[in-house]
Every structure is written in C-alpha cells, then in structure tokens.
Amino acid sequence: MKLAFFGAEGKVGQALVPVLERAGHSVRGIEIGDDVDVAGLDACVDFTTPTGAPANVRAALDQGVSCVVGTTGWDPTELGELARENGLRLFVAPNFSIGAVLMMRFAAQAAAYMPRAEIVELHNEAKQDAPSGTAAMTAKLIGGDVTIHSVRLPGLVAHQEVIFGSEGQLLTIRHDTTARESFADGVLLALSKLAELPAGLTTGLDALL
Ligand code: NAP
C-alpha cells in the first residue's frame, strides 16, 4: 500500500516505518509543520500526540484517505462520524501489540469470577496522557469501579499489570512491551483489514482478531 506516516521520526515511528517497508508498503513520513498532502494514498498511519492526531486525521479524511491511528489520549468519535459520511475508515487502537490485546481479553474473563481489580500501568516518562488508553480500555472491559495507577519513568517502554484480589488469593495478569516493534504486527493487521471494515470508526485490535 502507499502510506503516509504521521510521526515517522517519533519513537514508535522510527521502529515501525522500517517494518512496514520490509512488509512491502511504501511509506512517506510526515512531521509536524509539513504540508499534509496525502491525496491518492491508500491509508495514513498516525503515532503523534493527542493534539496533533485529530488535525492529521481530519486532513486525511478530507482528502479521501482512511486512517489507522495509534495515538492515545484523544476522542475519535467526531472524526469517526466524518469518516462514515465520507465512506472512509478510521481505525483507532490504544494498543497494537497482540499480547496486550490478549491481556485485556484474559482480564475481562477473570473479572467474571474476581470482580475486585486494580490496574498498574507503567510507561516511558515522555508519554503525555495518563491513564494510558490500554488501561482505560481494560478498566471498561472489567467493568465497575477500577482504580488505575499510572507510573511514568525513564527506562520503561509500555507495561501493565491487572491485579485481581479476593479473599485469600491474588491473580496478576501482566504484559510487557520491551520493544516498539511489537506494535508492527497489529498495524500490519489493521492495514490489511482496513478495506473490509465498515465506513466510520472501529476501535481496538480485538475487533480484527
Ligand atoms: P514521540 O516519540 O513523542 O513521537 C511523536 C512524533 O510525532 C514526534 O516525532 C513528533 O515530532 C511528531 N509529531 C507531533 N505532532 C505532530 C503532528 N501534528 N504531525 C506530525 N507529526 C507530529 O511519541 P511515541 O512514543 O512515538 O508515541 C506517539 C503516540 O503513540 C503517543 O500518543 C503514544 O501514547 C502512542 N502509542 C500508541 C501505541 C499503540 O499501540 N496504540 C503504542 C505506543 C505509543 P516532534 O518531536 O518534532 O514534536
């Protein structure tokens, strides 16, 4: 596919662009301040910031290009509506790593039997939003009143523990992202399924598995 990648020079962008190219995609990197001229491309990928992503997505949708977005900390509902009106797809996932999606699934299963849970999410200090999109989605899947603890420190990539407690026992489900290349499989999957999705907003890698 012919792709534009918003945030190609960022930490995730630098890890993902070579993997997308090795998979046969042609990728044009677009940085902050660049002209957003994406007409004629097959899709845009965005890993930028919660303030940058909405404008990038709007520009892409206005030019007839569907989007795959990993940027967290923003609400894509309104742009999902624009995508639907334009007959385009907006796919947004708070976590593109398959292991993290499985962690969320297993947490939802455990919650049926152990409803008391808390989440500890740990990310690199540069991450702007807290709690993480993955933690927020996990809490929604578990249901009820789930406290989320956010840790931001150098040396971390992306990690999450879901701790379930009941009388006399604890269950911990943990996922660690140790390298940003782990997000590539999910992005490749989203790109391969993009054209099959209904027009408008689809959220979460779980919807594609
Ligand atoms: P990062 O290292 O700060 O990279 C962001 C990049 O985007 C930087 O190169 C930045 O340029 C650029 N940028 C900022 N605003 C832009 C704009 N309006 N248009 C184009 N480029 C712009 O951050 P990161 O760690 O790569 O993470 C990026 C986003 O992805 C964050 O929201 C993070 O939470 C999210 N994330 C999601 C997943 C997932 O699986 N869904 C995984 C990891 C991270 P400057 O440096 O010049 O500002």
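Into which domains is the protein chain divided? Select residues 2-92 together with 182-208 for domain 1, and then residues 98-178 for domain 2; these bounds come from an automatic or database domain assignment. Residues are numbered from 1 along each chain as its sequence is written, and side-chain values use heavy atoms, with hydrogens and water left out. The model is predicted, so local features need pLDDT of at least 70 and side-chain atom pairs count only at pLDDT 80 or more, while totals for chains, interfaces and linings use all residues.

**Between the domains**

Display both domains: their centres, taken over C-alpha atoms, are separated by 25 Å. To the contact (heavy atoms within 4.5 Å), domain 1 contributes 11 residues and domain 2 contributes 11 residues. On the side of domain 1 that touches domain 2, three residues are nonpolar, five are polar and three are charged. Here Ala, Val, Leu, Ile, Met, Phe, Trp, Tyr, Cys and Pro count as nonpolar, Asp, Glu, Lys and Arg as charged, and the others, Gly among them, as polar.

The two domains bury about 850 Å² between them, with 63% of it on carbon and sulfur atoms. Buried area is the accessible area (1.4 Å probe) that two parts lose on being put together, summed over both. Next select Thr-72, Leu-205 and Asp-206: in domain 1 these residues lose the most area to domain 2, together 42% of what that side buries.

**Around the ligand**

- Gly-10: a polar backbone atom is 3.2 Å from an oxygen atom of the ligand.
- Asn-56: a polar side-chain atom lies 3.2 Å from a nitrogen atom of the ligand.
- Gly-70: a backbone N or O atom lies 3.0 Å from a nitrogen atom of the ligand.

Conventions. Polar contact = N/O pair within 3.5 Å; in protein donor to acceptor, adjacent residues only side chain to side chain.
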